[in-house]
Amino acid sequence: MLNGIIGKKLGMTRLFLGGGRSVPVTLIEAGPCTVVQVKNPDSDKYSAVQLGFGVKKAKQVRKPMAGHFAKAGVEPAAVLKEFRVEDASEFEVGQTITAEVFAQGDKVNVVGRIKGRGFAGVVKRHNFAGGRDTHGCTTHDKPGSIGMSADPARVIKGKKMPGQYGNTQQTMRNLRVVDVRPDENLIVVAGAVPGANGGIVYLQKA
C-alpha cells in the first residue's frame, strides 16, 4: 500500500470543529499523481513507486527525461518523487494515485522548502536577543564575542553567525489529517506546513 503523495500548498484557513473549537489548518492539493515507474527487488534491489505530479510542457523537458516519460507512456510531469512500498506488484505504470491514500485522523509528515530570506543577521536568523536599547549600547544587532582569547584561541566550528537564512528543506512531523476530499484533490491538515503558497510538498504517513 502506498503511504505518500505529492501535493501543492494552497494556503491556510481555519475550521470550526465540535464545541466551537477553531483549528488552524493548511489546505493541500494532493494529486492526482501518475505512476511513472515501478521498482522491484529483482531489477532494482528494492521496492518503490515513482510518482509524477503536475504538467510540464514538452519543449521544457530535457531529452533523457523525455525518454523516461515516453517509455512509461505518460505525459511529462513537473515533479517526480519516489516512495518506498512493501509490495511493488500492487502498482502499474500509468496508474493514478489520488488523495484517497489518506483518511481523516491519519498522522502525516509534510516535507517542504521554507521561504528564502537571503542574508540575515543573528537576531533574525538565530533569534539572538541583541544588545540592550539604553545605557549607551551601540551593538543592538551584533552577535558579540565569537571566540576565546587565550585557550583555545579560535572560533569553535558551528558557531551561530550571520549568513544565508531559509530556502532549505524542512519537515513538519505528526500533523493530523482533519479532512480528505478526493473529489477536489484536497487534504486538510491541522497546523502549518513549510513553504510559500503554491510550493510543492511531500506527504507521507507518520
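Mentor: We'll go from the overall layout to single residues and their partners. This is a predicted model, where local features need pLDDT of at least 70, side-chain atom pairs count only at pLDDT 80 or more, and totals for chains, interfaces and linings use all residues. Residues are numbered from 1 along each chain as its sequence is written, and side-chain values use heavy atoms, with hydrogens and water left out.

Trainee: How many helices and strands are there in the chain?
Mentor: Helices (H or I, at least four residues) and strands (E, at least two) are DSSP runs, numbered from the N terminus. Here you get three helices and 12 strands.

Trainee: What radius of gyration does the chain have?
Mentor: That value is taken over C-alpha atoms, and the globule rule is 2.2 Å times the number of residues to the power 0.38. The chain has 23 Å, while a compact globule of 206 residues would be near 17 Å. Along the principal axes, the C-alpha atoms fill a box of roughly 70 × 50 × 35 Å.

Trainee: What share of the residues counts as buried?
Mentor: Buried means under 20% relative accessible area, exposed over 50%, and partly exposed in between (1.4 Å probe, protein chains only). In this chain, 31% of the 206 residues count as buried.

Trainee: Is Asn109 buried or exposed?
Mentor: Asn109 counts as buried because its relative accessibility is 16%. You'll find Asn109 in strand β7, which covers residues 107-113.

Trainee: Which residues does Asn109 touch?
Mentor: Contact means heavy atoms within 4.5 Å. Leaving out residues up to four places away in sequence, Asn109 touches Thr171, Met172, Arg173, Asn174, Tyr202, Leu203, Gln204 and Ala206. With Asn174 there's a specific atom pair to look at: a polar atom of the Asn109 side chain lies 3.0 Å from the backbone nitrogen of Asn174.

Trainee: Where is Val93?
Mentor: Val93 is in the loop between β5 (79-84) and β6 (96-97). At 40% relative accessibility, Val93 counts as partly exposed. Setting aside neighbours within four places in sequence, Val93 is in contact with Val35, Val36, Gln37, Val38 and Ala72.

Trainee: How many salt bridges does a search of the whole structure find?
Mentor: A salt bridge is a side-chain nitrogen of Lys or Arg within 4 Å of a carboxyl oxygen of Asp or Glu. The search finds four. One of them joins Lys8 and Glu29, at 3.8 Å from N to O. That pair links distant parts of the chain, with Lys8 in strand β1 (residues 4-16) and Glu29 in strand β2 (residues 22-30), 21 residues apart.

Trainee: Which residue forms a salt bridge with Lys39?
Mentor: Glu82 does, with the closest N and O atoms 2.9 Å apart. Lys39 sits in strand β3 (residues 33-39) and Glu82 in strand β5, 43 residues apart. Lys39 counts as buried at 16% relative accessibility, whereas Glu82 is partly exposed at 30%.

Trainee: What lies over the face of Tyr202?
Mentor: A charge sits over a ring if NZ of Lys or CZ of Arg is within 6 Å of the ring centre and within 35 degrees of the ring normal. Here Lys81 lies over the face of Tyr202, at 4.9 Å from the ring centre. Remember that Tyr202 also came up among the residues that Asn109 touches.

Note on methods:
A polar contact is a pair of N or O atoms within 3.5 Å; within protein, one must be able to donate a hydrogen and the other to accept it, and residues adjacent in sequence count only if both atoms are side-chain atoms.
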